[in-house]
Amino acid sequence: MKKMRFLLMLPILLLAGCSNDPTNTTTPTEEKTTPKETTPEETTPEETTPPKTWKEIDEDGDVKITGHPQEIVIGATNSYQVDLSFSRNVTNSKAEFDVSDSSVLPLDALAYHVQGDGSIHTGGYVSIDATKLEKAGTSFLEIDISSPNNASSGGTVCLELKVVETPNVTYWDETVLFEASSQFAEVKLEEGEKLIADFTDNDHVVGTDNPNRADEENKTYAFFRKDISALLEGEDSVSISFKYAVGHNIRLRTYVMDAEGKVVTWYYMLDTVGAGSTGTGFNEYDRETGKLTFVQENATLELTITDETYS
């Protein structure tokens, strides 16, 4: 009987021995895995806009710069402007501006003004309000002229402007020798009339002294006038010496003025090119703009007044 009990218990003991045998090294099957290959996240490089290249462009498309200030004085009340001419009419022209340094030339100091009849514009100019300037330096000004009526009209021009705290002007001693064409020499002055040579410095700073008016009561005006009536009274020529503001836009015009100081007739002078070179430019006079330019000191430029008039 005892033997039978032992036989019945044997499977139980064997099972118990299996679970407690320290020599049993069987472990659960380990799954062999291959590490997953990872690649860096694919990224799209950020698109960056290259810095704008600034350069002077005097003429583009229908637009040409015909005049600009050599320097702009902070706080001055001058009528500073960049003059533009159009090679063909631009209908309802408009302007957009861009500057390389808005701290020197803020956009709110700029305004576009059209020239022409109604919607047909023959030119224009950009005024610069120097009372809105605060920092001296240089800045490029880009002017984009376009038309909402014609996508091919207009053009984009660019120039560099100089802003200063105080005017820095160099003066040269120069001479203009006026002569009369044979037809103009026959012009007769009425009683009280004078033939006047009118010099205007378009870059003169309002309120500062004009050396060409040193002997006059009002010394700060941008212009000065000389009586050259002797040219119509038998003289072959009349010489005028003056202080030339180097680099400034000097405008010279001739006209007959009556006894009350009113202009009677404006007279053209001939285009004139004097000494100079292609590298330095020339001493010259442009009859269309009236601009007088000298590129060397102590020079004399001979100008001929014609009988051709304009208003």
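Mentor: Here is a short walk through this predicted model.

Trainee: What is the strand order in the open sheet of 5 strands?
Mentor: The order is β1-β2-β4-β7-β6, and the pairing is antiparallel.

Trainee: Which strands stand at the edges?
Mentor: β1 (59–60) and β6 (110–117) do. Each has a single partner strand, so one side of each has no neighbour in the sheet.

Trainee: How many bridges join β4 to β7?
Mentor: There are 8 bridges between β4 (residues 80–91) and β7 (residues 120–128).

Trainee: New topic. Where is Thr300?
Mentor: Thr300 belongs to strand β19, residues 300–310. Beyond its neighbours within four places in sequence, Thr300 contacts Thr175 and Leu177. Leu177 is 123 residues away along the chain, yet the two C-alpha atoms are 6.9 Å apart.

Trainee: Now the rings. How many aromatic pairs are there?
Mentor: The structure has 13. Take Phe242 and Tyr244: the ring centres are 6.5 Å apart and the planes meet at 80°, so this pair is edge-to-face.

Trainee: Are Phe242 and Tyr244 buried or exposed?
Mentor: Phe242 is buried, at 6% relative accessibility. Tyr244 is buried too, at 2%.

Trainee: Which residues do ring pairs link into a cluster?
Mentor: Trp172, Phe199, Phe224, Phe242, Tyr244 and Phe294.

Trainee: Last one. Which ring does the charged end of Lys52 sit over?
Mentor: The ring of Trp54, 4.5 Å from its centre. Arg213 also has its charged end over a ring, that of Phe223, 5.1 Å from the centre.

Technical notes
Residues are numbered from 1 along each chain as its sequence is written. This is a predicted model: local features need pLDDT of at least 70, side-chain atom pairs count only at pLDDT 80 or more; totals for chains, interfaces and linings use all residues. Side-chain values use heavy atoms; hydrogens and water are left out. Two strands pair if DSSP finds at least two bridges between them. Helices (H or I, at least four residues) and strands (E, at least two) are DSSP runs, numbered from the N terminus. Contact means heavy atoms within 4.5 Å. Rings of Phe, Tyr and Trp (its six-membered ring) pair if their centres lie within 6.5 Å; planes under 30 degrees apart count as stacked, over 60 as edge-to-face and the rest as tilted. Buried means under 20% relative accessible area, exposed over 50%, partly exposed in between (1.4 Å probe, protein chains only). A charge sits over a ring if NZ of Lys or CZ of Arg is within 6 Å of the ring centre and within 35 degrees of the ring normal.
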